[in-house]
Amino acid sequence: MKKNYLYIVLGLVMTTLTFTACSEEELDPESVITIDKQIVTENAFDKWLDANFLAPYNIQIKYRYEDNESDMDFYEVPSRIEDANALAHVLKYCCLEAYDATVGIDFTRKNFPKLFFFTGEWRYKNNGSFTLGTAEGGKKIFLLGTRYISPILQGQAGYGSFSFQFGKDVIRNLNYYYLKTIHHEFTHILNQTQPYPITYKLTTADTYVADTWNSAPNNTKYLGRGYISSYSQKEDREDFAEIMAMYVTNSDKQWEAWMQQAEEETEEGKTSGRELIEQKLGVVREYMLKSWNIDMDVLRAEILRRQDDIASGNIDLTDLTIH
């Protein structure tokens, strides 16, 4: 990509020098620069996307590679159409329609970003972590790693040389790599529209660790320090989104297991990790209810039911019938 860009720049410079050397009478009224636009034939999946995202929500799904949507700091891999299809079905059923059922379709139409961009691979960083997704300006969400969704849905333990975090557990892997990411990034978008209380970060203000969240000793026993995930320790903004996303995508049983672990990992003489997390969860609950009229437990029940439907194979993730 950098080489192509360089050639374009040099070409434009040469063109500019040529124009400078010509007289006004010699100038051709026709443009010397033409753009050969790729003609994309709409397929059955495109038509399904229009009917299920664009028409009801005014949301566009992009899964073909585009330079202007990509991050040139990373090697981007385009999505395969079958993987993009599966992810789009999961996004629709477990996220958009879960909010529709909980707080109404008008909320979803108004607040969900108007663009989702899928790429095939995650973005790997020098610190050993990799990015699952990002939100940009409240307008679009990047969902990465689509190439892994099909083996996850098939209950495989990994793909190629990559081992999934939770082996063959479909729901936990689906949450970890995709669903939690969507709810996390959507929470950022809600926060941009309605800021959460500035007092939120005071609960664990002295223990945020910025970009060292993935390094020892920060990558262990974080529950005991009052964080629901290692990534939560980066800053209060990420902490807030992580608590929201992890609460609504996990069961009471799993949450309680984390809270018990938080108690066990708390250092002697320190405030219980469970107490800190529950205090922050209370702020998130109040914010979602007062700012957005969303009862997190109602939303959670809806999301968990839909996750079970996906894991049980009750939803056809390949169906492109337009109703």
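# Close-ups of a predicted model

**View 1. Asn173 sits in helix α6, which covers residues 170–193.** Helices here are DSSP runs of H or I with at least four residues, strands are runs of E with at least two, and both are numbered from the N terminus. You're looking at a predicted model, where local features need pLDDT of at least 70, side-chain atom pairs count only at pLDDT 80 or more, and totals for chains, interfaces and linings use all residues. Residues are numbered from 1 along each chain as its sequence is written, and side-chain values use heavy atoms, with hydrogens and water left out. Is Asn173 buried or exposed? Asn173 is buried, with a relative accessible area of 1%; buried means under 20%, exposed over 50%, and partly exposed in between (1.4 Å probe, protein chains only). A polar atom of the Asn173 side chain lies 2.8 Å from the backbone oxygen of Gly167. That's a polar contact: a pair of N or O atoms within 3.5 Å, where within protein one must be able to donate a hydrogen and the other to accept it, and residues adjacent in sequence count only if both atoms are side-chain atoms. Leaving aside neighbours within four places in sequence, the residues in contact with Asn173 include Ile152, Phe164 and Tyr178, contact being heavy atoms within 4.5 Å.

**View 2. Helix α2 (residues 44–57) bends at Asp50.** The bend is about 35 degrees, taken as the angle between axes fitted to the seven residues ending there and the seven starting there. At 1.5 Å a residue, the 14 residues of α2 should span 20 Å, and the end C-alpha atoms are 19 Å apart, which agrees. (The expected span is 1.5 Å times one less than the number of residues.) At the N-terminal end, Asn43 is the cap: one of its side-chain oxygens lies 3.0 Å from the backbone nitrogen of Phe45. Just after the helix comes Asn58, with a positive phi of about 60 degrees.

**View 3. Trp48 and Phe53 form an aromatic pair.** Rings of Phe, Tyr and Trp (its six-membered ring) pair if their centres lie within 6.5 Å; planes under 30 degrees apart count as stacked, over 60 as edge-to-face, and the rest as tilted. By this rule there are 27 aromatic pairs. The Trp48 and Phe53 centres are 6.0 Å apart with planes at 65 degrees, so this one is edge-to-face. Both residues are buried. Elsewhere, ring pairs link a cluster that includes Tyr148, Phe162 and Tyr177.

**View 4. Helix α3 is largely enclosed by the rest of the structure.** Why say so? Because 19 of its 23 residues are buried. α3 bends by about 35 degrees at Lys92, and Gly104, with a positive phi near 105 degrees, follows the helix.

**View 5. Two arginines sit over tyrosine rings.** The charged end of Arg300 is 3.9 Å from the ring centre of Tyr247, while Arg306 lies over the face of Tyr93 at 4.7 Å. The rule asks for NZ of Lys or CZ of Arg within 6 Å of the ring centre and within 35 degrees of the ring normal.
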